[in-house]
Amino acid sequence: MREALTYLALPASDQIEWLGSMLCPDELALDFDGAYQASWQSREAGWISDEVAGYLDEIDRLTNDLTEEGDEPWSAEGLQCHPTWERLRILSRAALALMPPAPWTG
């Protein structure tokens, strides 16, 4: 989860660099979704607090909203200009700030 959030939290220019020549912003959402689907285990173990869970739920909702908007948000220009991507960055940074560096150590 931390890795997926780290990539979502990056500035758009760094996200574009990370995605490389095969620029597919949906990879950011897919990485998050894979971790999010399994996050219930971390929630049950107490690693993910209710506050962090709220951020994760909102990130999931926003990535789903982007999907419903079609192709426009899923481009280099969308990463740089679409307001939802900036909101995702803010939420990801907030969630990361509240998560321990490794599960069950904080």
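**Reading burial, ring pairs and helix packing**

Student: In this predicted model, does Y36 count as buried or exposed, and what is its relative accessibility?

Tutor: Y36 counts as buried, because its relative accessibility is 16% and the cut-off for burial is under 20%. F32 also counts as buried, its relative accessibility being 0%.

Student: How are F32 and Y36 placed in helix α3?

Tutor: The general idea is that an α-helix has 3.6 residues a turn, so residues three or four places apart point the same way. In this structure, F32 and Y36 both belong to helix α3 and are four residues apart, which is about one turn of the helix.

Student: How many aromatic pairs does a search of the whole structure find, and what kind of pair do F32 and Y36 form?

Tutor: Three aromatic pairs are found in the whole structure. One of them joins F32 and Y36 in a stacked arrangement, with 5.4 Å from centre to centre and 25 degrees between the planes; the angle counts as stacked because it is under 30 degrees.

Student: What arrangement do W74 and W85 adopt, and which parts does the pair tie together?

Tutor: W74 and W85 form an edge-to-face pair, with 5.4 Å between the ring centres and 90 degrees between the planes. Since W74 lies in the loop between α4 and α5 while W85 lies in helix α6, the pair ties together parts that are 11 residues apart in sequence. Both W74 and W85 are buried.

Student: How should I read the packing of α1 against α6?

Tutor: Two packed helices are described by the angle between their axes and the distance between the axes. For α1 and α6, the axes come within 8 Å and cross at roughly 140 degrees, which makes α1 oblique to α6. The crossing in which α1 passes α6 is left-handed. On the α1 side, R2, L5, T6, L8 and A9 take part, and they meet residues of α6 that include W85, L88 and L96.

Student: Which residues of α1 are buried, and what covers them?

Tutor: The buried residues in α1 are A4, L5, L8 and A9. Around the axis they cover an arc of only 135 degrees, and therefore they sit on the same side of α1. Their cover includes α2, α3, α4 and α6.

Student: Which residues of helix α2 are buried, and what follows the helix?

Tutor: In α2, which covers residues 12-19, the buried residues are A12, Q15 and L19. Seen down the axis of α2, these buried residues fall within an arc of 60 degrees, so they line one face of the helix. What covers them includes α1, α3, α5 and α6. After α2 comes G20, whose phi is positive, near 70 degrees.

Terms used. Residues are numbered from 1 along each chain as its sequence is written. This is a predicted model: local features need pLDDT of at least 70, side-chain atom pairs count only at pLDDT 80 or more; totals for chains, interfaces and linings use all residues. Side-chain values use heavy atoms; hydrogens and water are left out. Buried means under 20% relative accessible area, exposed over 50%, partly exposed in between (1.4 Å probe, protein chains only). Helices (H or I, at least four residues) and strands (E, at least two) are DSSP runs, numbered from the N terminus. The arc is that of the directions from the helix axis to the C-beta atoms. Contact means heavy atoms within 4.5 Å. Rings of Phe, Tyr and Trp (its six-membered ring) pair if their centres lie within 6.5 Å; planes under 30 degrees apart count as stacked, over 60 as edge-to-face and the rest as tilted. Axes are lines fitted to C-alpha atoms, for helices over the stretch in contact, and angles run from 0 to 180 degrees between N-to-C directions. Angles under 35 degrees count as roughly parallel, over 145 as roughly antiparallel, 65 to 115 as roughly perpendicular and the rest as oblique. A crossing is left-handed if the near helix is turned anticlockwise from the far one by less than a right angle, and right-handed if clockwise.
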